[in-house]
Each structure stands twice: as C-alpha cells, then as structure tokens.
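Dear colleague,

Please find below the structure that I am handing over to you. A summary of the findings follows it.

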Amino acid sequence: MRPAFEMLKYLLVCVANAIPRFHALDYMRVFLYRLAGLSIDRETRISGPLILEFSFRRPTLRQIAIGRDCFIGYHCRISASKAQVFIGNRCNIGPNVSIDTAGHWFNHELNKRNSYHKPVTISDNVWIGAGCKILPGVSIGENSVIGAGSVVAK
C-alpha cells in the first residue's frame with residue numbers, strides 16, 4: 001500500500017512540473033505540490049519545475065518545509081532524502097539553485113565511501129542568486145544575500 005501511495009505523490013509532482021512557466025499557473029503548481037505532501041505555504045510562488053529527490057520506500061517530501069511568501073525560480077533542485085531542508089519566510093531563490101543534504105567522504109586507503117546527511121536551514125528574508133550550490137549542513141542567517149554562482153559550504 002505504501003509504495004502505491006508514494007507513486008501517486010510522484011505523479012502529482014510530475015504533473016506540477018509539466019505546467020508551463022506562466023505567472024498565473026505558478027500557484028496551481030504550488031497547489032499540486034501541497035497535494036503531494038510538500039509543506040509549502042499557499043502564498044509561495046514556484047516559477048517552474050522543482051527537481052525533488054524522490055523515494056518510494058520513505059516519505060521524502062516530508063523532509064522539506066517552505067515558508068510563507070517565498071519565490072523559487074525554475075529548475076531548482078532540492079535533495080532531502082534523509083535530512084531536512086527548511087526554507088524560511090520571504091525568501092527569494094533564483095533559478096538553477098541546488099540544495100543538497102547528502103555528501104560523502106572518500107577514503108583512498110580503505111577504498112570506500114562514507115556518506116553523510118546533514119540538514120540545511122535557510123532563515124527568513126534570504127536572497128539566493130541564480131546557480132548557487134548549498135551544501136549539506138549549511139545554515140544561512142536572516143537577511144543574507146548569496147551572490148549568483150556561489151558555493152555555500154559553511
């Protein structure tokens with residue numbers, strides 16, 4: 001029963017991502033994301049496809065919370081399979097921004113990878129420019145501005 005329910009959520013996300021980029025349709029996209037289980041305020045606007053990491057074995061959409069009166073540009077990617085992503089109120093996130101909660105270390109001596117998962121927190125009134133990469137474990141404070149193309153590691 002659980003995989004079938006997650007498949008329905010996945011289909012809702014696919015339909016939301018298929019909606020063309022048009023201002024009047026952005027709120028319909030948000031409505032469909034909310035139906036799929038994403039914690040997102042109705043006043044938030046998503047300008048285009050939102051690329052989400054999805055799992056049929058566990059509810060990954062519950063790991064993401066997006067606040068009130070936010071704007072998220074097209075082709076943003078949020079990877080939150082085992083750690084949470086929290087986006088505060090009145091945040092502006094440009095297009096092609098990537099938010100990751102997973103990473104790995106590589107031990108050459110043992111020839112093995114060790115993965116880790118850390119939450120990402122973006123506080124209120126944050127502006128993130130186009131093409132930024134937000135790495136695992138990052139907390140961005142209130143009223144911050146992240147320039148376009150930046151890699152935020154700490």
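The count of aromatic pairs comes to zero, where rings of Phe, Tyr and Trp (its six-membered ring) pair if their centres lie within 6.5 Å, with planes under 30 degrees apart counted as stacked, over 60 as edge-to-face and the rest as tilted. Please note that this is a predicted model, in which local features need pLDDT of at least 70 and side-chain atom pairs count only at pLDDT 80 or more, while totals for chains, interfaces and linings use all residues. Residues are numbered from 1 along each chain as its sequence is written, and side-chain values use heavy atoms, with hydrogens and water left out.

A charge does sit over a ring: Lys118 lies over the face of Tyr116, at 5.3 Å from the ring centre. The rule here asks for NZ of Lys or CZ of Arg within 6 Å of the ring centre and within 35 degrees of the ring normal.

Turning to the strands, there is an open sheet of five, in the order 2-5-8-13-16, with parallel pairing. Its edges are strand 2 (45-46) and strand 16 (145-146), each of which pairs on one side only. Helices (H or I, at least four residues) and strands (E, at least two) are DSSP runs numbered from the N terminus, and two strands pair if DSSP finds at least two bridges between them. Strand 5 (residues 71-72) and strand 8 (residues 92-93) run parallel and are joined by two bridges; Ile72 stands opposite Ile93 in strand 8.

Three salt bridges are found in the whole structure, each being a side-chain nitrogen of Lys or Arg within 4 Å of a carboxyl oxygen of Asp or Glu. Asp26, Arg29 and Arg45 form a network of such bridges. Within it, Arg29 meets Asp26 at 3.0 Å, N to O; these two are three residues apart in helix 2 (residues 26-36), and therefore separated by about one helical turn. Asp26 also meets Arg45 at 2.5 Å, N to O. Because Asp26 lies in helix 2 and Arg45 in strand 2, this pair ties together parts that are 19 residues apart in sequence.

Both Arg29 and Asp26 are buried (under 20% relative accessible area, with exposed over 50% and partly exposed in between, using a 1.4 Å probe and protein chains only). Asp26 has a value of 1%, whereas Arg45, at 21%, is partly exposed.

The remaining bridge joins Asp100 and Arg77 at 2.4 Å, N to O. The pair links strand 9 (residues 98-100) with strand 6 (residues 76-79), the two residues being 23 apart. Asp100 is buried at 15%, and Arg77 is partly exposed at 33%.

Yours sincerely
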